[in-house]
Amino acid sequence: MALDQAFTLDQIFSGAGMLALCGWIALALSPLRPALAQLIAARFVPIALGLAYAALLFRFWGEAAGGFGSLGDVGALFSHRGLLLAGWLHYLAFDLLVGAWEVREARRSGLPHLAVLPCLALTFLFGPIGFLTFLALRSVWLRGLSRRQGEPA
């Protein structure tokens, strides 16, 4: 049975969104169970999304015109609903992986989790903007930390 016969594309879209949201909630609550949050957000959810992505590509790749050579080619490629959904799953998986990295990196740097939450929200909603915000926040935090450590007690 083909993927599109077992589930409609809209059902896959909805299920993937709910799954990704579970990963983001795990990251938001990660101070409670850091290892479990990383297992969910950096392993389980991205693997599930990646498998669905691969299945969609396998099923629909040959049906669509277009490619990656120009913006018009990408537009033609994503005009196919199955490949548009695959592209969306790609975003969901990779943004979540970036969010999981932000949480790990914040923990390693000693950055308070509450300070990271806005970055996670931005990464969830706007991907690279959240990533850049996190990098700026971490840089300010680490600079301040090195100044505090350099001061005499």
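This text walks through a predicted model, from a pair of packed helices to a nonpolar core and then to its salt bridges.

Start with two helices. Two packed helices are described by the angle between their axes and the distance between the axes. Here the pair is helix H2, residues 9-28, and helix H5, residues 81-109. Their axes come within 10 Å. They cross at roughly 5°. Angles under 35 degrees count as roughly parallel, so H2 is roughly parallel to H5. On the H2 side, the contact is made by Leu9, Asp10, Ile12, Phe13, Ala16, Gly17, Ala20, Gly23, Trp24 and Leu27. On the H5 side, the residues include Arg81, Gly82, Leu85, Trp88, Leu89 and Leu92. What kinds of residue make up the contact of H2 with H5? They divide into 14 nonpolar, four polar and three charged.

Next comes the largest nonpolar core. It holds 29 residues. Leu27, Leu49, Leu56 and Leu89 touch the most other members. Which helices supply at least two residues each? They are H2, helix H3 (34-60), H5 and helix H6 (113-126). H5 gives the most, with 10 residues.

Is Ser109 buried or exposed? Its relative accessibility is 7%, so Ser109 counts as buried. Leaving aside residues up to four places away in sequence, Ser109 touches Arg138, Trp141, Leu142 and Leu145.

Helix H7 spans residues 128-150, and Phe131 is in it. Phe131 has 31% relative accessibility, so Phe131 counts as partly exposed. Beyond residues up to four places away in sequence, Phe131 touches Val98, Trp101, Glu102 and Thr123. Arg107 is 24 residues from Phe131 in sequence. In space, the two are 16 Å apart, C-alpha to C-alpha.

Last, the charged pairs. Side chains of opposite charge can pair when their charged atoms come close. How many salt bridges does a search of the whole structure find? It finds four. One of them joins Arg59 and Glu63, with the closest N and O atoms 2.4 Å apart. Arg59 is partly exposed, with a relative accessible area of 29%. Glu63 is also partly exposed, at 45% relative accessibility.

Another salt bridge links Arg108 with Glu105. Their closest N and O atoms are 2.4 Å apart. The two residues are three apart in helix H5, so about one helical turn separates them. Arg108 counts as exposed, at 60% relative accessibility. Glu105, by contrast, is buried, with a relative accessible area of 9%.

The side chains of Arg138 and Glu105 meet in a salt bridge of 2.8 Å, N to O. Why does this pair tie together parts that are 33 residues apart in sequence? Because Arg138 lies in helix H7 and Glu105 in helix H5. Both Arg138 and Glu105 are buried. Through shared partners, salt bridges join Glu105, Arg108 and Arg138 into one network.

Note on methods
Residues numbered from 1 in each chain as written. Predicted model: local features only at pLDDT ≥ 70, side-chain atom pairs only at ≥ 80, totals over all residues. Heavy atoms only, no water. Axes fitted to C-alpha atoms, helices over the stretch in contact; angles between N-to-C directions. Helix = DSSP H or I, 4+ residues; strand = E, 2+ residues; numbered from the N terminus. Parallel < 35°, antiparallel > 145°, perpendicular 65-115°, else oblique. Contact = heavy atoms within 4.5 Å. Nonpolar A, V, L, I, M, F, W, Y, C, P; charged D, E, K, R; others polar. Buried < 20%, exposed > 50% of the residue type's maximum accessible area, 1.4 Å probe, protein only. Core = buried A, V, L, I, M, F, W, Y, C linked by side-chain atoms within 4.5 Å.
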